[in-house]
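Here are a few friendly notes to read alongside the model.

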Amino acid sequence: MNKKDLSLLVLILVVGAVVAFINPRFLYVGNLSNTLNQVGMFGIFSIAEAFVIIIGGIELSVGSVIALLGVLFIDLIVNHDVNWMLAFAAIIASGLVIGLVHGALVTRMHIQPFVVTLCGLLIYRGAARYYTEDATAGFGFGASFPTLEWLTAGRTNLLGFPVPHSVVALIVVAAIAWVLLHRSVFGRYLYAVGKNEEAARYSGIRSERVMVSAYVICGGLTAFAAILFAMYTRSISPAVHGSFYELYAIAAAVLGGCSLRGGEGSIVGVVLGTVLLQVLQNLVNLLGIPSSLNFAVMGAVILIGVLADQYLVQRRQRVSVAKGREQATLAAAPLEG
Amino acid sequence: MTEPFLELVDISKSYPGVVALDHVGLAVSPGEVIALIGENGAGKSTLMKVLGGVVEPSGGRIRVDGVERSALTVAEAITAGIAFVHQELNLFDNLDVAGNVFIGREPVHGGPLRLIDRKELYARTQPLLDRLGADFAPDAPLAELSLAQRQLVEIMKALSLDARLVIMDEPTSSLTLSETDRLMRVIAALKAHGVSIIFITHRLNEVMQCADRAVVLRDGRMVGALTRAELSPAAMIRLMIGRDLKSLYVPPAAPPGEAVLDIVEVVTETYPERTVSLSVRRGEILGLAGLVGSGRTELARAIFGVDLLRGGAIKLNGEAIRVTNPRAAIDQGIYLIPEDRKACGLLLDVSIAENISLPDLASYLRFFLVNTAQETKNARAQREQLKIRAPDVATTVGSLSGGNQQKVVLAKWLSMRPKVLIFDEPTRGVDVGAKQEIYEMLRRLTDAGVAILMISSDMEEVIGVSDRIAVMHEGAISGFLDRSQFSEHNVLQLAVGHAV
């Protein structure tokens, strides 16, 4: 855990303590478990986003993909009687294909990632609404998938605390992503491409492939999150389901130390960023702040966080520049004298 | 000749460890065309930057219309009528011609909105076009103009500022012959209007064609000036060279072996109508000399697979290989140390160890993961071997000096058993001590059987380090030199396209 992650953790604890002090319901088992469930689902697609941000790209279609693939998943298992395991695999595969297409458009056709994924945002949202004719997709009466429901939206009691399975999924995903990003060769390549694509290429890294892989991973993880959300909400209105989720993802990644210029960010940071966002959401609810202010609170906290970080970075630089100048003067002195 | 309106007296400029200009004097009279010539790094550009107010000299005086100053600011240079036409043109290709000429000084209608008065803008631009005999309209979008036409726009901009002196930095380096001719006519027209010109060039026949005077710089010193009557290519070359070259040369332990890398009629992007052929032998350092822009870096990029080959073949140990990307070259044991190490060679805010292991991470695997202990160990060994001066291999590369950064780039490849090493400007921005160590390392590598292609614009380096020299001129090899033929004169002759 680096310094940035640590200060984020401290911030979460401080905010949590304040909320708990004002409204003790924050610490109720039911509330904590629900918040954790949100963290699990949001965390998975935030990690997905982080992969793309680390290579210096951006993925704006996360929310629309969650809506489209969620609708498709429910339709497959409810209306077409597809075996849920098969449907699960098909949805993940669709997510991977979406990522592949985005990656190919960015690297082969040289279209800016912002534009590619902005078009994706519009297209998938439209497709989801058209597919259901703007109606809500949901489970009918009697439709029941006990195993699937238990796996995705269920909770397991651990020492009397109901642990949501989405959090278990997040922990597994985060652990794998951590190893991949921070310990594997592929992770090194991701950061190298994000920091300086040209230098990475000169070091023999097939940077286009690395970039495409990042989008593919992002697509696959987003598809997984889409299934979790579908099973959690159990009914999807395609016009609003998952909207703005890409912004939650980007916010979590930025809070977690990712630079939108690429090459930076840690998995622990992204997970903590997600936690902070969900605690803030919870804070708005529990402190009786009008829920219309939800986004405003989130925006303000992120802005303050980024400003504080910038201030610290600049101060550190000033100190080191001053030190450097001192040394230079000392070194130059004998020449002039 | 009329009185000079601009005089540089005893101008010096030193950077830490380098004297770029050493008591240079230069006087410019109205309507005079001065050619500024000299080898790469002789101080030509620095001198012009002093005139433009971009570089502050560390000593000397500048006299403009009798007023003496120790330095010019950019604003003072503009007021004095000094204008620059840069090699990389400073134009906006989303504007039209007139918009570029009067950028920041657009005529406006009265009123609070200050709307641009287009009629007036075009009316003011037309006479400038006429003066240069330009064949495009004031409202032509810049994006549709050729490079030569853009250059004229840049000159018009200078004239619209009432320039008395126009400085051109290698104005013809990317022009065709007919475009060059037209530029020569423009220069003559400016001269007729009493505008002075200083142009930096490597093309001696252009100097012959239009200069009143040629001023020659070498190692930051003015070594001579030739009047129109004295001008000849031989006289210019004689002045450009003639420096004492310290003998750096260390002969190889064994005579060079068979050819390892064969470049057969390779065509690159920049010079699609030229081909390059050369071979580098086992255990030799082949110096690749030539002026900036002669196509050497493009050749290196093509061999390493950064750019696609437009034609020809690359052979390694006699067998043709297909190199479509750097990975393919690396897998064959061909490595490139690029000219621009900050942009292409290193990840600046990453540690020394991670930079070194980057191209070879596959051999650091332990259960699919990077074995950081082995990484650190190997990096430490390289630091030892190459004498990289850094507190630890966890130090970020960006905080190192130029020489130590270059050693890190070298270290990347050393642990991977190079067969061919292409070294583009090995010691640019490298201090003297580290330079020597890099040369020693090159010799140790060739003694171990590596074939080295060393691109260098530093004459001392080319002559002092190479076992053989190939010289490039405008996208083709203009000649090879053996050690017995090594001289600055011969290299320079070939570099400007004359036979030895």
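1. In chain B, four strands make an open sheet, ordered 2-1-4-5, with antiparallel pairing (strands pair if DSSP finds at least two bridges between them; strands, E, at least two residues, and helices, H or I, at least four, are DSSP runs numbered from the N terminus). Strand 2 (18-28) and strand 5 (67-69) of chain B are the edges, each with a single partner strand, so one side of each lacks a neighbour in the sheet.

2. This is a predicted model, in which local features need pLDDT of at least 70 and side-chain atom pairs 80 or more, while totals for chains, interfaces and linings use all residues. Residues are numbered from 1 along each chain as its sequence is written, with chains lettered from A and ligands numbered from 1 in the order written.

3. Strand 1 (residues 6-15) and strand 4 (residues 59-64) of chain B run antiparallel and are joined by five bridges. Within strand 4 of chain B, B:Arg61 is the residue opposite B:Val9.

4. Helix 4 (residues 84-107) and helix 10 of chain A pack at about 145 degrees, their axes 7 Å apart (axes are lines fitted to C-alpha atoms, for helices over the stretch in contact; angles run from 0 to 180 degrees between N-to-C directions).

5. B:Ile452 touches, among others, B:Ile285, B:Leu421 and B:Phe423, leaving aside residues up to four places away in sequence (contact: C-beta atoms, placed from the backbone, within 7 Å).

Conventions: Two residues are in contact if their C-beta atoms, placed from the backbone, lie within 7 Å.
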